[in-house]
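Please look over the structure shown below before reading on.

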Amino acid sequence: MTTRALVLGGGGLAGIAWQTGVLAGLARAGVDVAAADFVLGTSAGSVVATQIATGVPLDDQFTRQVDPARQVRELTPPATTGLGLLEELPEYGDLDPAELRRQQGRLALEADTVPEAARRAVIAERLPVREWPDRPLAVVAVEAASGEPVVFDRESGVDLVDAVAASCAVPAVWPPVTIGGLRYVDGGVRSINNVDLAAGYDRVLVLAVLTDPATAAQVAWLAGHGTRVELITPDERATEVITTGLLSPATRAPAANAGLAQAKSVLAVAARWLAQDAS
């Protein structure tokens, strides 16, 4: 039997909205990628992955992005592009990945941000269902002090809201999340999409709001191990919307609508991933 994984990467509020729009558009066209055997989310993608895995209908998810009356209350981030941690560290470009993650973790621990409890409340509001589902779901974070990546799932014993909050804790923008006495930051510190963590599945569908050098390398690595990877990225229209403000609440409706419109052009890609044959 062919096994399928859905991978949802980071990209701020705009990314949550765009991914939701694409997925809702695909479902309306009869291609329901929420039927994946495994759903993996990083940062923004952890929110969408959790909503999918816990059974929140895609049309409801979409409405929560475009209807002002249904939109979740969001905090205003500091003055930043949403890529602040990358811009803060140009002098560390030659460090190995583990040391780079530790440097980013230190920045996060030293940053002046909103209180952790206030940020957690926002994450909780994004999740209509706050208990781990029975189906396979995982979200990625990084332990701030050691720089070690961690994959939270039902078996980790970690509260679902805390796990998603940790995965979304962009260094120097949002506070690290305390779990079991340790502090965790955004899973995008390891890789913006973490595609390789879907290893072991026959087919992988990736919705990548942003890409980094690791994304291409991970896709190639999976392909080399016999996994068929399909990658969907924002089209020109969606990119224009997303880049106006990754973390701005104002981007939610336009990004979701851009994703919904783009779904028509990526229908064949998603259908190929979902097809029953092994071709």
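The text below takes up confidence, then a helix, then a cavity.

This is a predicted model, in which local features need pLDDT of at least 70, side-chain atom pairs count only at pLDDT 80 or more, and totals for chains, interfaces and linings use all residues. Residues are numbered from 1 along each chain as its sequence is written, and side-chain values use heavy atoms, with hydrogens and water left out.

The pLDDT, the predictor's confidence in each residue from 0 to 100, averages 93 over the protein chain, and 92% of the residues score at least 70. Over residues 80–92 the pLDDT is below 50. Where pLDDT is low, the predicted coordinates should not be read in detail.

Helix 1 covers residues 12–28; helices here are DSSP runs (H or I, at least four residues), numbered from the N terminus. Of its 17 residues, 15 are buried, meaning under 20% relative accessible area with a 1.4 Å probe, protein chains only. After helix 1 comes G30, with a positive phi near 95°.

How many cavities of 30 Å³ or more does a search of the whole structure find? The search finds one. A cavity is a set of points, on a 1 Å grid over the protein atoms alone, where a 1.4 Å probe fits but cannot get out; lining residues have an atom within 4 Å of a point. The largest cavity holds about 100 Å³ of space, and its lining includes L13, I16 and R252. Helix 3 gives the largest share of that lining, three residues.

Methods. Contact = heavy atoms within 4.5 Å. Helix = DSSP H or I, 4+ residues; strand = E, 2+ residues; numbered from the N terminus. Expected span 1.5 Å × (residues − 1). Buried < 20%, exposed > 50% of the residue type's maximum accessible area, 1.4 Å probe, protein only. 1 Å grid on protein atoms, 1.4 Å probe; cavity = no way out; pocket = protein on both sides within 12 Å on 5 of 7 lines; lining within 4 Å. Points joined across faces, edges and corners; volume = space filled by probe spheres on them.
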